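Trainee: I would like to go through the terms used for this model one at a time, setting each value against its rule.

Mentor: Then let us look at it together and begin with the surface.

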Amino acid sequence: TVNNTHVPEVTDVNVTKVWNDGDNQDGIRPGYVVVVLYANGVKVDMAVLNSSNSWKYSFKGLPVYKAGELIKYTVNETAVANYTVNITDDGKGNFTVNNTHVPEVTNVTVVKVWIDNDDYDKVRPTSISVQLYANGVKVNETTLSEDNDWKDIFKDLPKFKAGELIKYTVNETKVANYTINITDDGKGNWTVNNTHVPELINITVNKVWEDNDDYDKVRP
């Protein structure tokens with residue numbers, strides 16, 4: 001009896017998940033994804049990737065040939081809501097599944113309003129500084145003046161942090177001779193009101209009649 005033995009070649013297909021989403025800034029990353037393995041376009045296996053396996057998996061011991069023909073392995077994943085997918089490979093059985101989500105952004109608009117009778121007392125400054133805060137932490141600053149019509153916009157601010165909505169507020173550096181009142185419409189539009197009451201004085205007037213005690217009776 002002559003026994004000839006040949007052990008068919010096998011290979012591994014490695015899959016790594018990469019998240020491009022600002023470290024899950026918007027808090028919408030799923031807890032897992034399902035990756036499907038195909039051999040010559042036919043589904044042959046699947047795996048679950050999650051944080052427990054570091055978003056990696058290896059399909060091991062896969063046949064290299066079928067009927068003497070090299071098998072072409074590919075991978076895909078089930079759709080992930082709010083993400084686009086791009087799958088690349090190095091030609092050596094290592095696949096990278098890139099999921100991209102562009103984090104949401106928002107704008108904060110600041111408008112300065114002067115309530116000072118058109119600068120009647122000439123004490124209005126030529127510019128003021130307004131600070132932007134995210135959850136109470138200063139993140140930006142701008143200068144308002146006549147050059148920008150006392151308005152500015154903090155643009156493309158992240159809307160979320162670790163999945164939580166960021167609360168933006170504004171404040172201004174104290175302005176001498178003015179009181180401040182800041183309001184917002186709940187939609188990212190802030191109005192910084194500065195009020196100065198013009199100074200007032202009293203003038204006393206005394207009328208003196210020099211007409212011989214209204215001798216001709218013509219005094220009004």
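Trainee: Why does Val205 count as exposed?

Mentor: Val205 has 70% relative accessibility, and exposed means over 50% relative accessible area, buried under 20%, and partly exposed in between (1.4 Å probe, protein chains only), so Val205 counts as exposed. Bear in mind that this is a predicted model, in which local features need pLDDT of at least 70 and side-chain atom pairs count only at pLDDT 80 or more, while totals for chains, interfaces and linings use all residues. Residues are numbered from 1 along each chain as its sequence is written, and side-chain values use heavy atoms, with hydrogens and water left out.

Trainee: What makes Asp116 and Arg124 a salt bridge?

Mentor: The closest N and O atoms of Asp116 and Arg124 are 2.7 Å apart, and the rule asks for a side-chain nitrogen of Lys or Arg within 4 Å of a carboxyl oxygen of Asp or Glu, so the pair qualifies as a salt bridge. Asp116 counts as buried because its relative accessibility is 2%, whereas Arg124, at 23%, counts as partly exposed.

Trainee: Why is the pair of Glu77 and Lys17 said to tie together parts that are apart in sequence?

Mentor: Their side chains meet in a salt bridge at 2.7 Å, N to O, and since Glu77 lies in strand β7 and Lys17 in strand β1, the pair ties together parts that are 60 residues apart in sequence. Strands here are DSSP runs (E, at least two residues; helices are H or I, at least four), numbered from the N terminus. Both Glu77 and Lys17 are buried.

Trainee: What makes a nonpolar core, and which residues have the most contacts inside the largest one?

Mentor: A nonpolar core is a set of buried Ala, Val, Leu, Ile, Met, Phe, Trp, Tyr and Cys residues joined through side-chain atoms within 4.5 Å. The largest has 19 residues, and those with the most contacts inside it are Val13, Val15, Leu37, Phe59, Tyr73 and Val75. Its largest share, four residues, comes from β2, and a second, separate core of 18 residues includes Leu132, Leu157, Tyr168 and Val170.
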